[in-house]
Amino acid sequence: MGNKRWHLLSLLFVPAALFALGAESASVNNYDIIERTINFVIFFGLVYYFAADAIKNSFKTRRDEIANSLARIQEKLQDSKKAKEMAQMQLEEAKKTARDIVETAHRESVIIAQKVEEATKIELENLVRQYNDHIAFEQRKAEKLVVNDILSEFLNQDSVAISKDVLVKSLLKKAA
């Protein structure tokens with residue numbers, strides 16, 4: 001490649017040298033636009049020839065950096081999408097769990113309310129039965145007291161002369 005460069009370089013310098021020689025013979029009033037243009041093209045060609053690889057490598061390096069940066073950004077975007085999907089799945093799962101908890105709590109509250117109602121009903125029935133039993137007990141107790149008082153008064157009186165046998169028979173009739 002080194003030989004090729006020298007060969008190209010010599011091809012570029014030969015026309016430049018020829019135009020330079022021709023420029024000396026030209027008058028001062030003539031404009032040398034053609035020579036200047038050819039010199040510019042030769043200069044540009046030399047710069048391109050010597051700096052083309054460096055510029056191409058620089059652009060290639062920059063393009064690769066941009067491509068790598070874009071690849072990293074795409075990867076981060078994919079990771080973000082996956083994380084978003086996971087978060088949405090977890091959110092849906094949490095919503096489902098919350099609905100299940102609310103439904104379970106509602107069912108449990110209904111069951112607890114029924115149990116409390118049943119327990120209260122049983123307790124009220126027990127209280128009513130105890131009250132009725134207590135009333136019946138007190139009535140019997142009062143009846144016994146009245147009967148005992150009347151019998152005591154009646155038996156203690158001297159004016160009544162009923163025999164004990166007659167009294168026992170009448171009491172047995174009443175009791176039966």
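The average pLDDT over this chain is 82, and 74% of the residues score at least 70; pLDDT is the predictor's confidence in each residue, on a scale from 0 to 100. This is a predicted model, in which local features need pLDDT of at least 70 and side-chain atom pairs count only at pLDDT 80 or more, while totals for chains, interfaces and linings use all residues. Residues are numbered from 1 along each chain as its sequence is written, and side-chain values use heavy atoms, with hydrogens and water left out.

Confidence is lowest in helix H1, residues 2–25, with a mean of 57, and highest in H2, with 90. Helices here are DSSP runs of H or I with at least four residues, strands are runs of E with at least two, and both are numbered from the N terminus.

I will take the salt bridges first. How many does a search of the whole structure find? The search finds three, a salt bridge being a side-chain nitrogen of Lys or Arg within 4 Å of a carboxyl oxygen of Asp or Glu.

One of them joins the side chains of arginine 36 and aspartate 32, at 2.8 Å from N to O. Arginine 36 counts as exposed because its relative accessibility is 56%, and aspartate 32 counts as partly exposed at 29%. The cut-offs are under 20% relative accessible area for buried, over 50% for exposed, and partly exposed in between, with a 1.4 Å probe and protein chains only.

Another is between arginine 62 and glutamate 65, where the closest N and O atoms are 3.7 Å apart. These two residues are three apart in helix H2, so about one helical turn separates them. Both ends are partly exposed: arginine 62 has 48% relative accessibility and glutamate 65 has 42%.

Then there is lysine 96 with aspartate 100, the closest N and O atoms being 3.8 Å apart. Both residues lie in helix H2, four residues apart, about one turn of the helix. Lysine 96 is partly exposed at 48%, and so is aspartate 100, at 34%.

Now the aromatic residues. The structure holds two aromatic pairs. Phenylalanine 40 and phenylalanine 44 form a stacked pair, 6.4 Å centre to centre with 25° between the planes. For the terms: rings of Phe, Tyr and Trp (its six-membered ring) pair if their centres lie within 6.5 Å, and planes under 30 degrees apart count as stacked, over 60 as edge-to-face and the rest as tilted. Phenylalanine 40 and phenylalanine 44 are both in helix H2, four residues apart, about one turn. Phenylalanine 40 is exposed, with 52% relative accessible area, and phenylalanine 44 counts as exposed at 51%.

Tyrosine 49 and phenylalanine 50 also pair: the ring centres are 5.2 Å apart and the planes stand at 75°, so this pair is edge-to-face. Is tyrosine 49 buried or exposed? Tyrosine 49 is buried, because its relative accessible area is 19%. Phenylalanine 50 counts as partly exposed at 43%.

Last, the surface. Phe40, Val41, Phe43, Phe44, Val47 and Tyr48 make a nonpolar surface patch of about 660 Å². Patches consist of residues with over 30% relative accessible area and no salt bridge; like charges are joined within 9 Å, and nonpolar side chains (Val, Leu, Ile, Met, Phe, Trp, Tyr) within 5 Å. Accessible areas come from the Shrake-Rupley method with a 1.4 Å probe, and for residues only the protein chains shown count as cover. Phenylalanine 43 sits in helix H2, residues 33–156, and counts as exposed at 53% relative accessibility.
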